[in-house]
Amino acid sequence: MLEPLRQGLPPLDPTAVSNAASCALPARYEAVREARQFTRRTLDQWDIGDRFDDVCLVVSELVTNALRHGLPSSNSHAPDQIPPVRLHLMRWTDRLVCAVRDPSHDSPVARDSDDFSAESGRGLFLVDSFADSWGWHPLAGTLNGKVVWALFLLQPRESAE
């Protein structure tokens, strides 16, 4: 799953990967709250809780989009799609990737809107504004669907002298 995330990015040293965590999310909108809680716990464990506000906003938007646009319209899911949405958080020394997997093959589409008071349609605009970069890729092999990801560059911790 990580290989497409590496395309177009500076080389990632596999030995620099320090942490990874993921959680399955149910096909209901309460899953957005669960994703935020999971993100809070994970970032606190990794001692990067200071990035929570930006990361949480992006995670909320990616999960909301997966639930709204990435699920089939019927309530019947194939067994390999239950749970249909999964959140992955991956941390390297100087970067954090948030990736949300869903069963749809449709590409995410950022809407052009001048109405900044609209209650929907701004999700990918917010992702683009708060993350250092984002993208998506279709899954291959036995996994169906796609992964939408957002990258955050992390400031190096100053060492205590």
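Me: How many of the 18 residues of helix 3 are buried?
Reply: This is a predicted model, in which local features need pLDDT of at least 70 and side-chain atom pairs count only at pLDDT 80 or more, while totals for chains, interfaces and linings use all residues. Residues are numbered from 1 along each chain as its sequence is written, and side-chain values rest on heavy atoms, with hydrogens and water left out. A residue is buried under 20% relative accessible area, exposed over 50% and partly exposed in between (1.4 Å probe, protein chains only). Helix 3 is largely enclosed by the rest of the structure, because the count of buried residues among its 18 is 13.

Me: In what order do the elements of the protein chain run from the N terminus?
Reply: Helices (H or I, at least four residues) and strands (E, at least two) are DSSP runs, numbered from the N terminus. The protein chain holds 4 helices and 5 strands. From the N terminus on, their order is α-β-α-α-β-β-α-β-β.

Me: Which element of the protein chain has the highest mean pLDDT?
Reply: pLDDT is the predictor's confidence in each residue, from 0 to 100. The mean for the protein chain is 81, and 73% of its residues reach 70 or more. Helix 1 (residues 3–6) has the lowest mean among the elements, 48. The highest mean, 96, belongs to helix 2.

Me: How many contacts beyond four places in sequence does the model have for residues 76–81?
Reply: A contact means heavy atoms within 4.5 Å. Over residues 76–81 the pLDDT stays under 50. For this stretch, the number of contacts beyond four places in sequence is 8.

Me: What span does helix 3 reach from its first C-alpha to its last?
Reply: The expected span of a helix is 1.5 Å times one less than its number of residues. With 18 residues, helix 3 has an expected span of 26 Å.

Me: With which residue does the side chain of serine 60 make a polar contact?
Reply: Serine 60 lies in helix 3 (residues 52–69) and is buried, with a relative accessible area of 10%. Leaving aside its neighbours within four places in sequence, serine 60 is in contact with Val32 and Arg36. A polar contact is a pair of N or O atoms within 3.5 Å; within protein, one must be able to donate a hydrogen and the other to accept it, and residues adjacent in sequence count only if both atoms are side-chain atoms. At 3.4 Å, the side chain of serine 60 makes such a contact with the side chain of arginine 36.

Me: Within what arc do the buried residues of helix 4 fall?
Reply: Helix 4 (residues 123–130) has Gly123, Leu124, Leu126 and Val127 buried. Seen down the axis, these residues line one face of helix 4, because they fall within an arc of 155 degrees.

Me: How many disulfides does the structure hold?
Reply: A disulfide is a pair of cysteine sulfur atoms within 2.5 Å. Cysteine 98 counts as buried, at 0% relative accessibility. Cysteine 98 is in no disulfide, and the nearest cysteine sulfur, that of cysteine 56, is 9.8 Å away. For the structure, the number of disulfides is 0.

Me: Is alanine 20 buried or exposed?
Reply: Alanine 20 lies in strand 1 (residues 17–25). Not counting residues up to four places away in sequence, alanine 20 touches Trp46, Leu89 and Met90. Its relative accessibility is 60%, and therefore alanine 20 counts as exposed.

Me: How far apart in space are proline 138 and proline 103, C-alpha to C-alpha?
Reply: Proline 138 is found in strand 4 (residues 133–138) and counts as partly exposed, at 49% relative accessibility. Proline 138 touches Gly145 and Lys146, not counting residues up to four places away in sequence. Proline 138 and proline 103 are 35 residues apart in sequence, and their C-alpha to C-alpha distance is 9.6 Å.

Technical notes
Arc of directions from axis to C-beta.
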